[in-house]
Amino acid sequence: MKIAMIGTGYVGLVSGVCFSDFGHEVVCVDKDPAKIARLKDGKVPIFEPGLEALMARNVAAGRLTFTLDLAEAMRDAEAVFIAVGTPTRRGDGHADLTYVMAAAEEIAHTLRHYAVVVT
């Protein structure tokens with residue numbers, strides 16, 4: 001299965017790497033050019049034991065790639081995962097879904113084929 005993972009924080013990166021290790025073709029997309037550059041250089045921006053080796057193995061196998069281009073990430077994707085930040089909202093402590101809603105809107109404007117969108 002081809003998967004697009006929007007967001008390369010803890011949830012997005014770990015999930016994307018694990019899905020690729022299960023044999024799926026995964027493209028991780030993020031808006032931060034420095035983060036994507038580090039990932040393409042094989043550097044993991046978070047601490048998760050064993051993640052760097054797992055990421056390297058799946059990049060080498062051609063199942064895991066990184067991009068800044070949402071349209072490229074979603075090309076032929078059968079599933080699109082929204083794994084962007086949900087910081088705590090000021091005042092009431094609930095999750096701020098601003099980034100989730102923005103990602104959903106970008107998907108709606110970019111996706112040109114049927115795919116399951118997972119939040």
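Analyst: The account below starts with the fold, then turns to the core.

This is a predicted model, in which local features need pLDDT of at least 70, side-chain atom pairs count only at pLDDT 80 or more, and totals for chains, interfaces and linings use all residues. Residues are numbered from 1 along each chain as its sequence is written, and side-chain values use heavy atoms, with hydrogens and water left out.

The chain has five helices and five strands. These are DSSP runs, numbered from the N terminus: helices are H or I with at least four residues, strands are E with at least two. Along the sequence the pattern is β-α-β-α-α-β-α-β-α-β. The radius of gyration is 14 Å, close to the 14 Å that the globule rule gives for 119 residues, so the chain is as compact as a globular protein of that length. That radius is taken over C-alpha atoms, and the rule is 2.2 Å times the number of residues to the power 0.38.

Buried residues make up 35% of the 119 residues. Buried means under 20% relative accessible area, exposed over 50%, and partly exposed in between, with a 1.4 Å probe and protein chains only.

Now the core itself. A nonpolar core is a set of buried Ala, Val, Leu, Ile, Met, Phe, Trp, Tyr and Cys residues joined through side-chain atoms within 4.5 Å. In soluble globular proteins, nonpolar side chains tend to be buried together.

Which members of the largest nonpolar core touch the most other members? They are L13, V17, M55, L64 and F66, out of 18 residues. Strand 1 (2–6), helix 1 (10–21), strand 2 (25–29), helix 2 (33–40), helix 3 (51–60), strand 3 (64–67) and strand 4 (79–82) each supply at least two residues of this core. Helix 3 gives the most, with three residues.

Take V17. Leaving out residues up to four places away in sequence, V17 touches L51, L54, M55, N58 and L64. Contact here means heavy atoms within 4.5 Å.

Contacts across the chain complete the setting. Among those between residues at least 6 apart in sequence, 65% join residues at least 24 apart. The C-alpha atoms fill a box of roughly 45 × 35 × 25 Å, taken along the principal axes.
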